[in-house]
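Here is a brief report on strand pairing and aromatic contacts. Keep the structure open while you read.

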Amino acid sequence: QLRYSVPEDREPGFSVGDLAKDLGVELRSLAARNLRLVSEGGQRHFQVNLAAGLLILDSKLDREALCGQNPACSLHLQLVMENPLQLHRVEVDVLDVNDNAPQFPKPEVVLEITEVANPGTRLPLEVAEDPDMGSNSISTYELSPSEHFTLSINTRGDGVKMPEIVLEKALDREKVAVHHLTLTALDGGNPVKSGTAKVTIHVLDANDNPPVCDPPISKVHLEENVPVGTLVTKLNVTDLDEGPNGDVEYSFKTSNNAPGKFTKLFSLDPRTGEIRTKAPLDYEESSAYEIAVRARDRGSPAMEGHCHLRVELIDINDNSPEIVLTSLSSPVQEDATPGTVIALIGVKDSDSGANGQVHLQIAKDLPFKLVSSFKEHFSLVTSGPLDREKASGYNITVKAVDSGSPQRATQKTFYLQIADVNDNAPNFSSPFDTAHVQENSLPGTPVFSVSAFDPDEGSNAKLSYSILDNGMQDIPISTYFRIDQDNGTIYTVRALDYEQNKVFQVPVEVKDAGSPMLSSTAVVHVFILDENDNAPTVVYPSVPKGSAFHQTVPALAEPGYLVTKIVAVDADSGHNAWLSYQLQETAEALPFQVERRSGEIRVAQALRESEDPYRLVVEVRDNGTPSLSASVVIVISPEENSVQDFAKSLDVPKSSPKDTNLTLYLIISLVSISLVSCVMFALVA
């Protein structure tokens with residue numbers, strides 16, 4: 001808090017104080033920190049010279065216009081600097097200059113006094129007015145020389161000097177009916193200034209006892225805001241005369257150039273002398289009132305006395321505190337460190353004493369606290385970490401409570417927005433996913449859609465997806481799959497072959513657009529579903545395409561004799577690789593048969609006595625949809641002396657349909673167990 005003083009007669013441009021030096025700030029940083037002046041009043045009297053770092057006058061000051069009769073005259077300013085945000089309070093004391101001369105309410109005062117007045121009789125005079133304060137205000141009065149009158153100066157309760165003319169020598173109206181005097185008011189300035197008024201005193205005959213107020217100066221304490229019509233006091237005035245000369249009438253005594261404000265607030269009964277309130281009284285507007293009352297009798301000539309009443313108001317707690325939000329930094333980053341200044345708050349209470357002492361408070365469950373900067377000014381700072389994902393903003397209610405009885409409170413609510421920072425990485429709904437796609441699917445076929453969520457907002461929550469080539473496959477994974485960077489849908493780049501790759505591990509990365517970027521990864525296991533795209537291949541007997549395999553058989557071979565066995569394979573898997581063997585139908589029945597599952601060719605009936613060979617076409621067919629097949633031509637020639645290729649062929653019993661079905665069930669069980677095992681291994685991986 002800075003404090004300066006300036007005389008009221010200085011011209012605009014006068015340097016009041018060196019802000020840069022007193023604040024400890026370098027000149028070149030004042031403009032960068034946006035130093036600005038905020039006046040607490042409605043009129044601007046000062047400005048800041050950023051180049052020189054000085055506080056200078058913007059307009060000429062008039063202390064009397066600014067502060068009236070207040071003994072202390074201060075102007076309150078606020079200096080605001082940014083980066084970081086700081087608030088400094090400046091008080092400028094306006095020093096009084098003796099620029100006003102004393103002036104009487106009337107240039108000429110006419111007084112009346114009875115000729116029988118006793119020496120010591122006092123004639124009150126109008127008080128001169130001087131807008132200046134302190135030593136520059138009225139210091140004394142002087143009266144022109146007179147053999148009958150002298151001047152007496154009394155001091156009122158508020159320090160105002162009151163001149164009175166005192167009769168020193170008895171009067172004789174027949175000798176001098178009118179006395180002409182000059183009253184001079186002098187102030188204490190340097191040089192001294194003065195004002196004069198002509199005093200004309202008429203000497204009257206008869207009524208020789210003026211009304212007397214007892215006591216002449218009194219004081220009354222009264223609470224503010226008492227009901228209109230409340231009795232303040234009843235004046236005690238006595239007049240020793242009788243009849244009309246002792247009948248007193250009361251009236252307020254005011255001056256022309258400064259009519260008493262009390263006449264608007266108080267009423268006076270002219271007969272009884274009762275003073276009552278006629279308007280609400282406000283301690284904050286004025287804490288005391290000086291009331292002058294004239295008591296005049298009805299004699300001829302009339303005589304008058306004067307009563308002075310000081311009404312001092314007792315403050316009651318009738319004003320609620322006022323909250324002023326000077327500055328608010330909104331939004332604030334969620335990573336703001338504890339102690340970051342959020343707002344500058346001022347508080348005012350027009351009451352005085354304990355009624356004007358204000359305490360500021362906020363809810364305890366908020367991550368903020370109030371720090372007192374200086375009198376009636378507070379800083380709202382962070383007291384803990386902020387998290388926009390938990391609370392994107394706060395409605396902060398500041399409550400001001402005074403210390404009066406009963407207490408009065410005011411609250412003000414403002415909204416503080418929390419700005420997002422990129423402190424959360426995007427997360428997949430699952431770190432591992434499984435997808436299936438048919439082999440030979442067209443390029444561009446959608447395989448799977450991954451999804452991720454980022455609790456941040458704005459660009460910090462804008463996600464993009466990509467596939468990582470981490471070397472888990474021999475060929476870059478990007479040659480098989482691509483991903484839509486916006487929605488996370490995975491597509492095939494080319495047709496897939498189950499026989500080459502049965503499963504792919506596709507690592508997917510998601511990144512946000514924050515700074516710095518944050519990311520996470522997930523793995524999608526893509527299983528290729530087999531399609532019946534491979535025909536069976538005969539591996540035994542191995543004969544060139546278009547040729548036949550020649551096999552001899554004993555001419556006396558018995559039924560059940562094993563002639564040969566066809567062995568075939570299918571590159572597909574599952575039911576697409578289940579093979580069955582059969583003979584193509586011919587015009588005449590052949591004495592051979594082929595086992596459907598094993599491919600064994602056996603003699604079905606006794607061979608005929610013929611030297612012509614038998615031509616068999618064996619067809620091998622898989623179980624896919626559509627079914628694919630292959631065939632081989634076997635030429636069997638019966639020979640008398642043929643050596644049996646299979647020594648135990650005659651001992652092999654003919655397989656029954658029940659054995660064939662059992663073999664089929666075993667194959668199905670093995671394939672099922674294999675598929676389940678593969679899936680489990682993939683999930684574990």
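## Burial of a ring

A residue is buried when its relative accessible area is under 20%. Phe 504 has 1% relative accessibility, so Phe 504 is buried. Phe 481 also has 1% relative accessibility and therefore counts as buried. Note that this is a predicted model.

## The Phe 481 and Phe 504 pair

The ring centres of Phe 481 and Phe 504 lie 5.3 Å apart, and the planes meet at 80 degrees, so this pair is edge-to-face. Phe 481 belongs to strand S37 (residues 481-483) and Phe 504 to strand S39 (residues 503-512), so the pair ties together parts 23 residues apart in sequence.

Over the ring of Tyr 480 sits the charged end of Arg 494, 4.2 Å from the ring centre. Lys 502 places its charged end over the ring of Tyr 498, 4.9 Å from the centre.

The structure has nine aromatic pairs. One of them is tilted: the rings of Phe 428 and Tyr 465 have centres 6.4 Å apart and planes at 50 degrees. Phe 428 is in strand S32 (residues 427-428) and Tyr 465 in strand S36 (residues 463-467), so this pair links parts 37 residues apart in sequence. Both Phe 428 and Tyr 465 are buried.

## A four-stranded sheet

Four strands form an open sheet with mixed pairing, in the order S25-S31-S30-S27.

S25 and strand S31 (residues 409-419) run parallel, joined by two bridges. Gln 333 has Ala 419 of S31 as its bridge partner.

Note on methods: Residues are numbered from 1 along each chain as its sequence is written. This is a predicted model: local features need pLDDT of at least 70, side-chain atom pairs count only at pLDDT 80 or more; totals for chains, interfaces and linings use all residues. Side-chain values use heavy atoms; hydrogens and water are left out. Two strands pair if DSSP finds at least two bridges between them. Rings of Phe, Tyr and Trp (its six-membered ring) pair if their centres lie within 6.5 Å; planes under 30 degrees apart count as stacked, over 60 as edge-to-face and the rest as tilted. Buried means under 20% relative accessible area, exposed over 50%, partly exposed in between (1.4 Å probe, protein chains only). A charge sits over a ring if NZ of Lys or CZ of Arg is within 6 Å of the ring centre and within 35 degrees of the ring normal.
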